[in-house]
Amino acid sequence: MSATVAVILVLAAGTYAFRLVGPALHGRVELPDRLRELLAAGAVVLLVALLATGALTEGGGFAGWARPAGVLAGGVLAWRRAPFAVVVVGAAATTAALRAAGVA
């Protein structure tokens with residue numbers, strides 16, 4: 001077995017274990033309110049970091065201005081509670097229009 005396959009199996013087992021722990025400990029462990037707030041904030045920070053790296057980088061460098069503008073347009077539409085399809089099409093249309101206009 002190669003090292004890559006071993007790492008994949010270990011990660012798969014760990015992921016499965018995390019999924020089992022939730023239902024197994026539900027109702028048995030009570031988290032303090034402050035910890036719940038910190039966990040919620042941590043989840044938001046991780047999602048924003050994922051959004052930023054996906055929107056701003058491509059191939060290890062800056063992705064250009066069209067993609068972040070499209071993400072921003074999609075974010076505004078989502079914030080205004082537009083339907084999901086409208087958010088996706090609006091973000092894609094903004095990016096496509098800027099790229100067609102010559103904005104990289």
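A salt bridge here is a side-chain nitrogen of Lys or Arg within 4 Å of a carboxyl oxygen of Asp or Glu. The close-ups below come from a predicted model, and by this rule the count comes to three salt bridges.

**Figure 1. E30 and R36 form a salt bridge.** The closest N and O atoms of this pair are 3.3 Å apart. R36 is found in helix α2. E30 counts as exposed, at 66% relative accessibility, whereas R36 is partly exposed, with a relative accessible area of 43%. If we set aside the neighbours of R36 within four places in sequence, R36 is in contact with E30 and L31.

**Figure 2. R34 and E37 pair up within helix α2.** Here is a second salt bridge to look at, with 3.7 Å between the closest N and O atoms of R34 and E37. Both residues lie in α2, which covers residues 33-56. They sit three residues apart, about one turn of the helix. How accessible is each partner? R34 is exposed, with a relative accessible area of 54%. E37 has a relative accessible area of 48% and is partly exposed, because exposed means over 50%.

**Figure 3. E58 meets R67 in a salt bridge.** The side chains of these two residues come together at 2.6 Å, N to O. E58 counts as partly exposed at 46% relative accessibility. R67 is partly exposed too, with a relative accessible area of 21%; buried means under 20%, so R67 falls on the partly exposed side of that cut-off. Keep R67 in mind for the next two views, please.

**Figure 4. Helix α2 crosses helix α3.** At what angle do the axes of α2 and α3 cross? They cross at roughly 140° and come within 8 Å. That makes α2 oblique to α3, because an angle has to be over 145 degrees to count as roughly antiparallel. On the α2 side, the contact is made by L51, G54, A55 and L56. On the α3 side, R67, P68 and V71 take part. By class, this contact of α2 with α3 has five nonpolar, one polar and one charged residues.

**Figure 5. Helix α3 packs against helix α4.** This close-up moves on to α4, which spans residues 84-100. The axes of α3 and α4 come within 8 Å and cross at roughly 155°, and the two helices are therefore roughly antiparallel to each other. The crossing of α3 past α4 is right-handed. Which residues of α3 meet α4? They are A66, R67, A69, G70, A73, G74, L77 and A78. Facing them in α4 are V86, V87, G90, A91, T94, T95, L98 and R99. The contact of α3 with α4 has nine nonpolar, five polar and two charged residues by class.

**Figure 6. R81 has a positive phi in the loop between α3 and α4.** Most residues other than glycine have a negative phi. R81 is not a glycine, yet its phi is about 65°. Is R81 buried or exposed? At 76% relative accessibility, R81 counts as exposed.

Terms used. Residues are numbered from 1 along each chain as its sequence is written. This is a predicted model: local features need pLDDT of at least 70, side-chain atom pairs count only at pLDDT 80 or more; totals for chains, interfaces and linings use all residues. Side-chain values use heavy atoms; hydrogens and water are left out. Buried means under 20% relative accessible area, exposed over 50%, partly exposed in between (1.4 Å probe, protein chains only). Helices (H or I, at least four residues) and strands (E, at least two) are DSSP runs, numbered from the N terminus. Axes are lines fitted to C-alpha atoms, for helices over the stretch in contact, and angles run from 0 to 180 degrees between N-to-C directions. Angles under 35 degrees count as roughly parallel, over 145 as roughly antiparallel, 65 to 115 as roughly perpendicular and the rest as oblique. Contact means heavy atoms within 4.5 Å. Ala, Val, Leu, Ile, Met, Phe, Trp, Tyr, Cys and Pro count as nonpolar, Asp, Glu, Lys and Arg as charged, and the others, Gly among them, as polar. A crossing is left-handed if the near helix is turned anticlockwise from the far one by less than a right angle, and right-handed if clockwise.
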